[in-house]
Amino acid sequence: MITLLQIHEPGETPEPHQAETGIAIGIDLGTTNSVAAIATDGKPEILRDKEGDGLVPSVVSYAGAEPVVGRDAVIQQMRRPDQVVSSVKRLMGRGAADIKSLSGTVPYEIHGDQQVGMVRLKVAGRVLSPVEVSADILRAIKVRAEAALGHEVSRAVITVPAYFDDAARTATKDAAKLAGLDVLRLVNEPTAAALAYGLDRGVEGLYAVYDLGGGTFDISLLRLQQGVFQVLATGGDAALGGDDFDHALAEAALKAAEQRTPTLVEAKNLLLAARRAKEILTERESTELFGSIRGAEFRQMIDRAAFEKLIEPMVAKTLKACRQVLEDANVQASEVKGVVLVGGSTRVPLVRRMVAKFFGREPLADINPDEVVAAGAALQAEALTRGGDTLLLDVIPLSLGIETVGGIVEKVIERNTPIPVAKAQEFTTYQDGQTGMLIHVVQGERETVDACRSLGRFELTGIPPMVAGAARIRITFAVDADGLLTVSAEEKTTGVKAQIEVKPSYGLGDDAMAEMLRDSLTHAREDMERRLLIESRVEAERMLLALDAATKSDGDLIQAEERQAIDRAVARLREAVAGDDRDRIAAAVEGLEKASHPFAQKRMDRAMEVALKGQRLDEVEASMATDRAQ
Amino acid sequence: MSQIEQDERFRKSPAAGDLTPCWSCKEPVAARALFCHACGAIQPGGNVDHFTRLGIARAFDVDVDKVEKQYLGFQRVLHPDRFVAKSAKERAIAEAQAADMNLAYEVLKDPLRRAAYLLKLAGRDAAVSQDQTVRDPALLMEAMEAREELAEAQSVDEVEKLQVEAGAKAIDLIAQLSRAFAAEDYDLADRLATRFKYLRKYLEETRARRIALEDAE
C-alpha cells in the first residue's frame, strides 16, 4: 500500500472491499428490456451506461463468435434477424406444444421436432435453450453492473412475473446460475414495484399493482400492515403484453395493404415500425406506419382512435383478470387505496384510462414504469443482505395438483396460498404387491390434466409390497419462498422413504444443466481476468482520490519539480485506467507511488510533529504502530 | 464442554421436562422458544396445533384481527428472508417455521377450515372433512333447489339478490357454529360445518354465474 495512506486517521481509511462483499443487485429480467439497480440505505439507483441509459434491450445476437447483448444486438436484428433472439422470456420453461399457441408472436425457428423438454431455438447454426439465451442477457447485465460499480457482482435478486409457473421460475434460476449469479430470491415483479413505491413506509391499506409489460400481464393485490407486505391475490396472463399491441397494429397494416405474406425480415421490420407507431401514438393523435411487403413499400396513416379500437379487447382482458383477483381476495375495487402502474405498456393512454375507470381512481405512475421493478428488486436485495424492517409475504400464483384417475386434477395446494408452504397428501396402491407409482404433477386452475401445465412426473419406487390399499404413501409438496416446488414421499406404515425421480416436463434435466455449466466454465478464465482488471482499477481510483485529498490539505509541502512529476504520473495512471490493460495500470500505480514518495515522507514528518506536541514518546510509537496495522 | 457433560447437566436441570438442547450450541432451550438464548440460532417449531402455534386460545370464536397480528409478528422474525446470510440448516428451519405459520394462519382465519380443524382436534372423523357426498337428504335437496334457482337467474340483479341471501345465510351459520362449539355439541357442529361447506360452493357458483352474465351484458 502506498505510504500516503498511512497518515489517514483510523477509520477514515477507505476499505471498499470490506463493504463490497455484501453487495447484491436487483435485476428486472424483462421480455423487452432488462434493468439492473442497486440500493444503498433504502435508496435504489438504476445502473446506467455512459449515455445515462438504464435499459438493456433483452436481445441477443449470435452473429459473431461471442453473443452480443442489448442495443448493438437490436441494430444487428434489423440486418440479420435470423441470427438474433428477442422476447426469449416468453419461452422460459415452455415446451414445444406451448409454442404452437404462441405461433406468429415469436419470430424464431424452433429446433427439430422435439416432443419433450424445454423448447430449443435454432439461431445462426446453433441450437440454444431459452435458459442459455437468458443467461447471456444476465451475463451482460452482470458485466455492466460490475463496470458501473467497479467490483465483482455475484449475488442478485431477480424478478419474475407473478404469474410465472414453476417451470419458468426454475428456468430463470438456472439461467442465473449459468451466468455466475447467486440468486438470493426470486421476487414477483408487481411486489417489487410496490416496494419501490415505498408503499411499505406509506399508508397501511390495500394496493393494486397493474403490470403490463412486453409479453406478460400481472395484477397483484397487496395489503400493507405492520411493515409487512402481504400479497393477497395475484393473477394475470402469461401471454399478453405490449408486443400483442404491436402485432395487432402490424396485422392491421398488412390487412390494409391487402398483403399477407411478408418475408421474415419484412415482418420483423414491420413489427418494429408498429412498435414505434404505438409509442408515437402515446404522445400524438396520429402517425404514419412505413413498411414493405415483398419489396413493395407502403405507408399508412394511423390515428389513436383506430389504434385504441384494435387493442381495446386486450385491455378489457386485463381488466377481467383484475376483477378475478378482487373476487379472489373478496374485496371491492373501491376498497383499493392506490393503483400502481408498471411496465412500458402502461404508457398507452387507453390502458391508463381504462384502469383508472375500473378502480375509480387515478393510478400512480410517477416512477418510470420501465425502471420501477428493478428499483424494487434492488431494495429487496439490500434488505436481504443488510437486513431491513420490510418483509414481503408472497403467494403461489397457480394451484398445484396431481393427476388422478381419468385425467382429473386433484389440487394439493390452492393458488394464492402464502409461501413458503408444505402440504402433504396420502395416497395408496391399487394393486396387490405394487411397489411403484407414477405421480404426475401439474399446475393450473382447470379440472383436467390436459388443460393444466405439466410440471413433471415423479416415479416412486421401493414401496414395500402389500395388499392393494394397505400402503399409505404420504407425498409432501413444498413450495419455497421463491415459489419453487420440491416433492418428497414416504410410506407411512413401514417408514420407508420412497425414492423420487424427477422428470421435468419443460425444465432442463440435470444432464443438460451440467453440460451448460461446463460450457460456462470455459468463460471462467475471461471472467477472472475481468475481475482482476476491475480490482486494479478500483485500486488506482482509490490512490488518485487519496492523493487528491492529501494535495488539498498539505499541498504547500510539494515543490515545483515534484509537482510536475506527480502530475505526469497522475496523467499516465488516468490514461491506463481508461484502458483494459491490467499490467499497464499496475505499472502506472507504481510510477505514481514513486513520484509522490517525497511528498508522502514530508506529510509523515508533519503529522509526526503535530502528534508529538504534548504527547509522550511511547504514546506516539503506539499510535504509529496502530497506523501501520491499518 | 463435552457432549456427554452437556447432556448430563441437561438431565439434572430441574425443569428438564420443558427444555431441549439447542441443535446448534447444545445449551438448554425452552421447548417453545423461537430462538436459542445462548447462541441466537432459530429453533424448530415442533409439533403443536395451529392455535398454540399462533398463540390464540383454542375456540371457534377467534378475533381474526388478532390472528393477523400474531401471524405477521411471527413472520417478521421467522421468515426465510431474515436468514439469507445464515447457514443452510437455519434457512431450512426458517422455511419450515414460516410454512407452519402460513398453514396455521390459513386455517384459523377461515371459519370453515377452523371448524373442520376444531372437529379434528376433538378427535372427530368429521363429515365436513370427507370428500364423499353427505347423507343428509334435507341438505342435498336444499342444495339442489338453490342451484336450480341460480341456473334460472338471467340477470346480474337476480344473481346479486341470491348472493346477498347466501351471504346472510353464511353469517347465520357462523353464529350457529359458534354456539355449537361453545356447547361442545360436535355432532351439531359437524352438520353445520357441512352445510357451510355446501354454501361456500354455492357462493362460488353464484360468483362465476355473475361474471358470466356481466360479460354477456
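Modeller: The contact takes 18 residues from chain A and 15 residues from chain B. The model is a predicted one. On the side of chain B that touches chain A, α3 (64-78) and α4 (88-109) of chain B each supply at least two residues.

Biologist: What is the division of the residues of the side of chain B that touches chain A into nonpolar, polar and charged?

Modeller: They comprise seven nonpolar, three polar and five charged residues. As for chain B itself, it has eight helices and two strands, and from the N terminus on its elements run α-β-β-α-α-α-α-α-α-α. Buried residues make up 27% of its 217 residues.

Biologist: Why does Lys26(B) count as partly exposed?

Modeller: The term buried requires 20 or more such neighbours, and exposed 12 or fewer; partly exposed is what lies in between. Lys26(B) has 18 C-beta neighbours inside 10 Å, so it counts as partly exposed. Lys26(B) is in the loop between β1 (19-21) and β2 (28-30) of chain B. Although not a glycine, Lys26(B) has a positive phi of about 70°.

Biologist: Where in α9(A) does the kink lie?

Modeller: A kink of about 45° lies at Ile311(A), shortly before the proline Pro313(A). The bend is the angle between axes fitted to the seven residues ending at a residue and the seven starting there. Ile311(A) is also one of the buried residues of α9(A), which include Phe307(A), Met314(A) and Val315(A). Just after α9(A), Asn330(A) takes a positive phi of about 60°.

Biologist: How do you know that strands β16 and β17 of chain A pair?

Modeller: Pairing requires at least two bridges between two strands. Eight bridges join β16 (residues 286-293) to β17 (residues 296-303), so the two strands pair, and they run antiparallel. Ile293(A) stands opposite Ala296(A) in β17(A). The hairpin of β16(A) and β17(A) has two residues between the strands, and Arg294(A) takes a positive phi near 50° in it.

Biologist: Which strands are the edge strands of the five-stranded open sheet in chain A, and why?

Modeller: The order is β18-β13-β14-β15-β19, with mixed pairing. The edge strands are β18 (338-342) and β19 (391-393) of chain A, because each pairs on one side only. From one strand to the next, the twist averages 25°. Five bridges join β13 (residues 205-212) to β18(A), and these strands run parallel; in β18(A), Leu341(A) is the bridge partner of Tyr210(A).

Terms used: Residues are numbered from 1 along each chain as its sequence is written. Chains are lettered from A and ligands numbered from 1 in the order in which they are written. This is a predicted model: local features need pLDDT of at least 70, side-chain atom pairs count only at pLDDT 80 or more; totals for chains, interfaces and linings use all residues. Helices (H or I, at least four residues) and strands (E, at least two) are DSSP runs, numbered from the N terminus. Axes are lines fitted to C-alpha atoms, for helices over the stretch in contact, and angles run from 0 to 180 degrees between N-to-C directions. Two residues are in contact if their C-beta atoms, placed from the backbone, lie within 7 Å. Ala, Val, Leu, Ile, Met, Phe, Trp, Tyr, Cys and Pro count as nonpolar, Asp, Glu, Lys and Arg as charged, and the others, Gly among them, as polar.
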